[in-house]
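Please look over the sequence and the structure below before reading on.

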Amino acid sequence: MRRRRHPAARMWSSLNEWLWQDRFWLPPNSSWADLEDRDGRVYAHPQDMLAALPLALALVVVRFTFERLVGLPLSRWLGVRNRARRPVQPNATLEKHFLVEGQRLTEPEMVILATQCGLTLRQTQRWFRRRRNQDRPCLTKKFCEASWRFAFYLFSFFGGLSVLYHESWLWRPAMCWDNYPNQTLKPALYYWYLLELSFYISLLITLPFDVRRKDFKEQVVHHLVTITLITFSYSTNLLRIGSLVLLLHDSADYLLEACKMFNYAHQWRVCNSLFIVFSLVFFYTRLVLFPTQILYTTYYESIANSAPFFGYYLFNSLLVMLQLLHVFWSCLILRMICNFTKKGQMEKDIRSDMEESDSSEGEEAQEHPKLKNGAAQGPGVASTDGPRNRAAWQLANGHMLAT
């Protein structure tokens, strides 16, 4: 007697068959049957990428081990020093507002809080400033994260270069479409691809625990687009062009992480030199090579002998999204170059993950210098010489408002 399948299983099977139709992912007159292993010829299969999930978890373990056993001692050897931070006095009312209602309050809110706690306006502002500093990551943590990414990108770039060095499509991207999609899979290329996918999955896993960057949303988009591109290109046997995209990106990333490491160590000469080299490599690879070689060949040369199909449009859309991120980060780098030209040294992290610097722990007068009319510079700061309102002046001088 034939066993009937569960309705949910039948629905999943029907959806799977519809999703993986030949006409969606392969050029016309091509089918998945053409990419079945036979006669010693091995092809890429989507299920091969499932191995990236356990490998990503293993990379998380390797990363934290590396940061503890290599990154931390290296930071000490290079002289990375964490800034001493003054502890805040316990205050339940201020802590509640800090955690629930926001870390940065307006001046009227500061006035009310100061009244409730019996503090001056300046004391309340100082409490919030020091409390914010407690949540900011220390330089050692930043250095360890950068050292791990530097080690991986360096290994990945030169490993990928050794894999592709003797391949024709490295020097002529048009060869990526030679006899596509009937291109066999080489073991070295598979392992490199798998390692790259696992690394970006591990970055997503650890993102909530890493130093939060100003471009956090852009980083999430970048990781998701990269994971989608790697998975899609492998599944549809676009390994040649996908490998060029990976190699091109790794060529600048390890320079960025090295620059940040020396920035945290306050070794400005090395940092400045690396910054110049990184900028040149980034602009050339992301703004010149990527659009003129990668985007051109995927948009024009890929369909020279076939009609466009759904996978063609999806792949090009993802690459365009990646290029838009390149332009966004290039603007950040140009802004860093302007500051570098004016000041003669790089003071902050470059490109996408420039981190928010710690607020000053000095006197309020030093943090917000006064203007000519006596008002304190910067929004939300009450001046003791020229107060904006009566309540702010009273609190700044230790007086209590009537409630």
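Asp-39 sits in the loop that runs between α2 (22-25) and α3 (52-77), where helices are DSSP runs of H or I with at least four residues, numbered from the N terminus. The model is a predicted one, in which local features need pLDDT of at least 70 and side-chain atom pairs count only at pLDDT 80 or more, while totals for chains, interfaces and linings use all residues. Residues are numbered from 1 along each chain as its sequence is written, and side-chain values use heavy atoms, with hydrogens and water left out.

Backbone
- Most residues other than glycine have a negative phi, and most peptide bonds are trans.
- Asp-39, which is not a glycine, has a positive phi of about 55 degrees, and with 76% relative accessibility Asp-39 is exposed (over 50%, whereas buried means under 20%, with a 1.4 Å probe and protein chains only).
- Asn-237, in the loop between α10 and α11, also has a positive phi, near 65 degrees, but Asn-237 is buried at a relative accessible area of 2%.
- Tyr-180 and Pro-181 are joined by a cis peptide bond with omega of about 10 degrees, and Pro-181 belongs to the loop between α8 (168-171) and α9.

Cavities
- There are five cavities of 30 Å³ or more in the structure, a cavity being a set of points on a 1 Å grid over the protein atoms alone where a 1.4 Å probe fits but cannot get out.
- The second largest cavity holds about 150 Å³ of space, a volume being the space filled by probe spheres set on the points, which are joined across faces, edges and corners.
- Among the 15 residues that line the second largest cavity (having an atom within 4 Å of a point), the closest to its centre are Thr-226, Leu-229, Ile-230, Val-245 and Leu-246.

Note on methods
On a 1 Å grid over the protein atoms alone, a cavity is a set of points where a 1.4 Å probe fits but cannot get out, and a pocket is an open set with protein on both sides within 12 Å along at least five of seven lines; lining residues have an atom within 4 Å of a point. Helices (H or I, at least four residues) and strands (E, at least two) are DSSP runs, numbered from the N terminus.
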